[in-house]
Amino acid sequence: GLTFRDGLSSSPGGAILNDGGTLTITSSIFDNNESTWAGSFAGGGAIANRANGTNLGNLTVTNGTFTSNKAVIGGAINNEDRCTATVGNSRLSGNLASASSNGGGGGIFSQGTLTVDTSVLSSNTATFKGGGILVWAGTATTTNLVNSELSGNTAKSGGGFSSEGSGSTVEILSSTVSGNTSNGGITHGGGGLLNYLGTLKLINSTVSGNTSINTGGGIENYG
């Protein structure tokens, strides 16, 4: 595997920008990378996965470790509208999304198709929404969280996970959402999960020990 450490970019992708290609990354470490880009398609402290015209980004990460990466949106990974990202057997911890409004996703931000399988997102922080993951409805936004853990993440709302918009469909299967915090300051809470206008399915999963200063210590389902 490879190690990507201390990368700094004024464009999306502190370590890697996948610009409409197909990219597979195996057994690699992403540590302390940062994207400072705050314009259109902002973020991806470690990896930004985006479309280039009709060429749609397709990202697969297996056995990855993401620590202390930073971006305005998508502290570790940013997956653009229409693109596909798959994260398996990976750990994302201590990453930061610094957007003060209209963004977040301390670990992952996605507007496209996202699958997180057998992975742990822990102790990530979003200044706004989605401490672990923020899903923002795009053209066809589908998210699957399978055999995974969201724990100890923090945001103003959706401490563990936030799904925003009527075009978003989320399924959480055989997973654990625990010890996450919504620390308030905006209208909605959801210490573990915030679902705002989208479709959320939880199957054989555990939501426990989450905290919200506002509404919905475990889950806030709005709309």
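Colleague: Why is Arg50 called partly exposed?

Modeller: In this predicted model, Arg50 has a relative accessible area of 23%, and because buried means under 20% and exposed over 50%, Arg50 counts as partly exposed.

Colleague: What makes Arg50 and Asp19 a salt bridge?

Modeller: The closest N and O atoms of Arg50 and Asp19 are 2.9 Å apart, and the cut-off is within 4 Å for a side-chain nitrogen of Lys or Arg and a carboxyl oxygen of Asp or Glu, so the pair meets the definition of a salt bridge. Arg50 lies in strand E7 and Asp19 in strand E3, so the pair ties together parts that are 31 residues apart in sequence. Asp19, at 32% relative accessibility, counts as partly exposed.

Colleague: How do you know whether Lys129 is buried or exposed?

Modeller: Lys129 has a relative accessible area of 11%, and since buried means under 20%, Lys129 is buried. Its salt-bridge partner is Glu164, with the closest N and O atoms 3.2 Å apart, and Glu164, at 6% relative accessibility, also counts as buried.

Colleague: Why are strand E3 and strand E31 called edge strands?

Modeller: In the open sheet of 8 strands, whose order runs E3-E7-E11-E15-E19-E23-E27-E31, strand E3 and strand E31 each pair on one side only.

Definitions and conventions
Residues numbered from 1 in each chain as written. Predicted model: local features only at pLDDT ≥ 70, side-chain atom pairs only at ≥ 80, totals over all residues. Heavy atoms only, no water. Pairing = 2+ DSSP bridges. Helix = DSSP H or I, 4+ residues; strand = E, 2+ residues; numbered from the N terminus. Buried < 20%, exposed > 50% of the residue type's maximum accessible area, 1.4 Å probe, protein only.
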